[in-house]
Amino acid sequence: MKRGWRSWLPLMAMVMMFLHVNFIHGEDPYRFYTWNVTYGDIYPLGVKQQGILINGQFPGPPIQCVTNDNLIINVFNNLDDSFLISWNGVEQRRNSWQDGVYGTNCPIPPGKNFTYVLQVKDQIGSFHYFPSLAFHKAAGGFGSINIASRSVIPVPFPPPAGEFTILTGDWFKQNHSDLKAILDGGHDLPFPDGILINGRGSNGYTFTVDQGKIYRFRISNVGLTTSVNFRIQGHKMMVVEVEGTHTVQNTYDSLDIHLGQSYSVLLTADQPAQDYYIAVSTRFTSQVLTATSTLRYSNSAGSVSGPPPGGPTIEIDWSFNQARSLRRNLSASGPRPNPQGSYHYGLINTTRTIRLANSAPIINGNIPDSPTGSGAYLQTSIMAADFRAYTEVIFENLEDSVQSYHIDGHHFFVVGMGRGEWTPASRLTYNLRDTISRSTVQVYPKSWTALYMPLDNVGMWNIRSQNWARQYLGQQFYLRVYSPVNSWRDENPIPSNALVCGRASS
């Protein structure tokens, strides 16, 4: 006997309720933040400065989250200047509208707010956020982003007894507005005045550990102009993660961290119970700046002794060798493809060479090496690329100083580094098996760095120098990853709360 359609209504209602409940319970968690951005007095090097505080904090509050979490961050700008925050290393899948740089976000006007809606999709690792406009980064406004693995995903090392975050980098005693005026006047910045560790100068911070236990240190270089070297007196460090990639667990006495880069290391508190120096010093500078903090055993029987541990200073080859020693842990590499390609991307189909000189980047391909027309003019440089292409990027540093570059919205494989000029024969030296994957890379003086990069994220993405004076003066451009399919599966629509430049949307 046939049943009428009304007889199916109870069953249909039950199915709909089941699907609705599972959708709700299956959705990734949300974390909500309200940030008030203000000026405030800070004294990181013993001199009063105008700092940029978030909820009264310098550095800003940490973001602790888990893979796939949704982050809702409502930022109230109480400065007298427009403001933006960018999220260094967070890939913003299909969502360059939330990237927090001027090419994709209009600034938050004074007295207004904007709510960032982010998802840390398929990511783990150590990252940081920072203010991206003007020279605000020289006043603070930066903080850590730590993305933990989901509980069901194995991690290739035992759970540490505790975690510490270290935000370090060079610092100036001048206010950010004074530094900006120096650059606007056509002059170079002076040499930095010191090194900060979590917003404080030497001997301003103590990290307490229990003897015999293992601890994770997440370290980011949030400085403005210099690479740094990090070390802990009497202890070795095992690198376990670089910007979201689990690594082969090599052990180091000290670690070079270039501008914008982040690392995780494990430290075993296996030394006699006392206090030890944590030292950070500038790299590749004629004058070496050093700052110290204290590693304190909870059962310490004595204070720090002797001078802080020394580290490398101007040795380039030492840093080259350490950089090449960083390898992916293939047993824990996650969803990222191998550098030689994958079922998603196939083989390399484009090569871009970016020459770094004391000017804007010079890029081959569809950005001309020199301005069209009779003279120079101000315009945003955009490099076009196709979604799901797999491209080779070659950074060539023509200068005598180390440079550091970041690519928003993507990770890339650092397949090679070498001295002199890159040639096609340089590909014979590439590591196509287990090279590190990251989002910020250094380029040594008179040298090249080669990347393989899957273009798997549609949108407009900032590529910039992490030296903030260079970035401010124009060493940046945008990568437009284009898909002809106008679909939300490839790119999210412009958010309903987007700011329109010159005014806040209602």
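## Cavities

On a 1 Å grid over the protein atoms alone, a cavity is a set of points where a 1.4 Å probe fits but cannot get out, and its lining residues have an atom within 4 Å of a point. This is a predicted model, where local features need pLDDT of at least 70 and side-chain atom pairs count only at pLDDT 80 or more, while totals for chains, interfaces and linings use all residues. Residues are numbered from 1 along each chain as its sequence is written, and side-chain values use heavy atoms, leaving out hydrogens and water.

By that rule there are 4 cavities of 30 Å³ or more, with volume taken as the space filled by probe spheres set on grid points joined across faces, edges and corners. The largest has about 60 Å³, and its lining includes Asp 256, His 258, Gln 322 and Arg 438. Helix α3 gives the largest share of that lining, 3 residues; helices here are DSSP runs of H or I with at least four residues, strands are runs of E with at least two, and both are numbered from the N terminus. The second largest cavity holds about 40 Å³ and is lined by Phe 142, Leu 167, Thr 168, Gly 169, Asp 170, Trp 171, Leu 196, Gly 199, Val 222 and Gly 223. Strand β9 (residues 162–171) supplies 5 of these residues, the largest share.

## Strand pairing

Two strands pair if DSSP finds at least two bridges between them. Strand β1 (residues 30–42) runs parallel to β4 (residues 70–77) over 8 bridges, with Tyr 30 partnered by Asn 70. The β1–β2 hairpin has 6 residues between its strands, and Gly 46 takes a positive phi near 85°.

## Salt bridges

The model holds 21 salt bridges, each a side-chain nitrogen of Lys or Arg within 4 Å of a carboxyl oxygen of Asp or Glu. One of them joins Arg 93 to Glu 91 at 3.1 Å, N to O. Glu 91 is buried at 6% relative accessibility, whereas Arg 93 is partly exposed at 23% (buried is under 20% relative accessible area, exposed over 50%, partly exposed in between, with a 1.4 Å probe and protein chains only).

Lys 180 meets Asp 184 with their closest N and O atoms 3.1 Å apart. Both sit in helix α2 (residues 176–184), 4 residues apart, about one turn. Asp 253 and Lys 236 pair at 2.6 Å, N to O, and both are exposed.

Technical notes: 1 Å grid on protein atoms, 1.4 Å probe; cavity = no way out; pocket = protein on both sides within 12 Å on 5 of 7 lines; lining within 4 Å.
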